[in-house]
Amino acid sequence: MTDSAVRRRRRALFVFFLIPGLAMSSWVTRTPDVRDRLGVSTGEMGLVLFGLSVGSMLGILGSGPLVSRFGPRPVIGAGTALIVLSMLLAGAGTAASSAPAVTAGLFLFGAGMGGGEVALNVDGAEVERLTRRTVLPALHGFFSLGTVIGACVGIACTAAALPVSWHLAAVALVTAALFAHAYRAIPAGAGGAPDDSEQVTDAEKGQRPAVWKDRRLLLIGGIVLTMALAEGAANDWLPLLMVDGHGMGAALGSAVYAGFAAAMAIGRFGGGFFIDRFGRAPVVRASALSAALGLAVVIFADAPLLAGAAVFFWGLGASLGFPLALSAAGDSGPRAAARVSLVATIGYVAFLVGPPGLGFLGDHYGLRAAMTVVLVLVAVAVFLAPAVATRREAPARPGPERRPEPAHEVRQPELP
């Protein structure tokens, strides 16, 4: 590909990461209104969100094989189309006070986002290899930017008492236009099995199951799992957590979520400097500590303003774990697409168990108490951080030249 084509492809990926962020936050900021319109409890709202979880996992599980066979482009296109359709269905279900229709809309959103996100991350890892630059944190930054934009619009719509159905229909129109504009820049067949197969020797082809047995890769998946849960818990529950747990109004609860999204965007757009200076492992460790601090204050502090301010540290800490772990998976060995897909699949398990699990606990003990589960798991990421380290992060030791590693352990050079 020419340099201009790669630049267009990267810009298109920015747009495709923006779209689910915009749609997600548009939904999240209206969850208090949706709950009231449906007349459901916190636990029943968790069951509604279960549609999002199931759709996400089905999309994720199907995305890897589809990307390997057809390349990311058709999977990205199908996933984005489902996101557009989901906004229309969720809005219509809210207008009709139909919990099953809203659940179906969230199922489509989860399937589109889960499948599309894996394909987008595979294509983003391919762009990193082509440009020799770190790209994934900035791509995820555009997802966070989309959440900021969507949250700000959602706050305005909530304050103006705009019907949820009108709001989500407008979001569907905007995302459809962005989709039509960006889709042409994604090349067909890129990033799939043909590209990976060129880097795999005959000996490696006979050891394909080893990617599922790679201990380091599973530890990286653990980091993604914990940090995705920290992000997903906020995406699913933060406005309601502020409303029910700290007595804020619906508009102020949505404003706190906008602050979380802004912190995510700041962390992802500004994280490249710290990654280049300190390396992946220290950044992941610091991120987990920041997220744990923010969560602890939100859970245990009784001052609403202090809890709202602490959400910034929660968002800043959750911002880099997911993209950094995917970058580490992509250059941890051959068959990068399979590795990224595996780690993304492990991480998205958080979307399956998170919403209904936290909703169930919140119904019985309150959402603040339920978030202690997230706090404990995020603390685990502090100890898993060395798994994302690269060779350059390890101190050099003088001595005789080492023998080459076996073929299946050869790693791609670190991205500059």
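A: Six salt bridges turn up when the whole structure is searched, a salt bridge being a side-chain nitrogen of Lys or Arg within 4 Å of a carboxyl oxygen of Asp or Glu. The model is predicted, so local features need pLDDT of at least 70 and side-chain atom pairs count only at pLDDT 80 or more, while totals for chains, interfaces and linings use all residues. Residues are numbered from 1 along each chain as its sequence is written, and side-chain values use heavy atoms, with hydrogens and water left out.

One of the pairs is Arg 9 with Asp 123, whose closest N and O atoms are 2.6 Å apart. Because Arg 9 belongs to helix α1 (residues 3-28) and Asp 123 to helix α5 (residues 99-131), this pair ties together parts that are 114 residues apart in sequence. Helices here are DSSP runs of H or I with at least four residues, numbered from the N terminus. Arg 9 is buried at 1% relative accessibility, and Asp 123 is buried as well, at 0%. Buried means under 20% relative accessible area, exposed over 50%, and partly exposed in between, using a 1.4 Å probe and protein chains only.

Another pair joins Arg 35 and Asp 244, with 2.9 Å between the closest N and O atoms. Arg 35 counts as buried at 14% relative accessibility, whereas Asp 244 is partly exposed at 41%.

Arg 30 is buried, with a relative accessible area of 2%; Asp 33 is partly exposed at 24%.

Thr 94, a residue of helix α4 (residues 72-95), touches Val 34, Arg 37, Val 102 and Val 164, leaving aside residues up to four places away in sequence. Contact here means heavy atoms within 4.5 Å. Thr 94 is buried, at 3% relative accessibility. The side chain of Thr 94 also reaches the backbone oxygen of Ala 90 at 2.9 Å.

Methods: Helices (H or I, at least four residues) and strands (E, at least two) are DSSP runs, numbered from the N terminus. A polar contact is a pair of N or O atoms within 3.5 Å; within protein, one must be able to donate a hydrogen and the other to accept it, and residues adjacent in sequence count only if both atoms are side-chain atoms.
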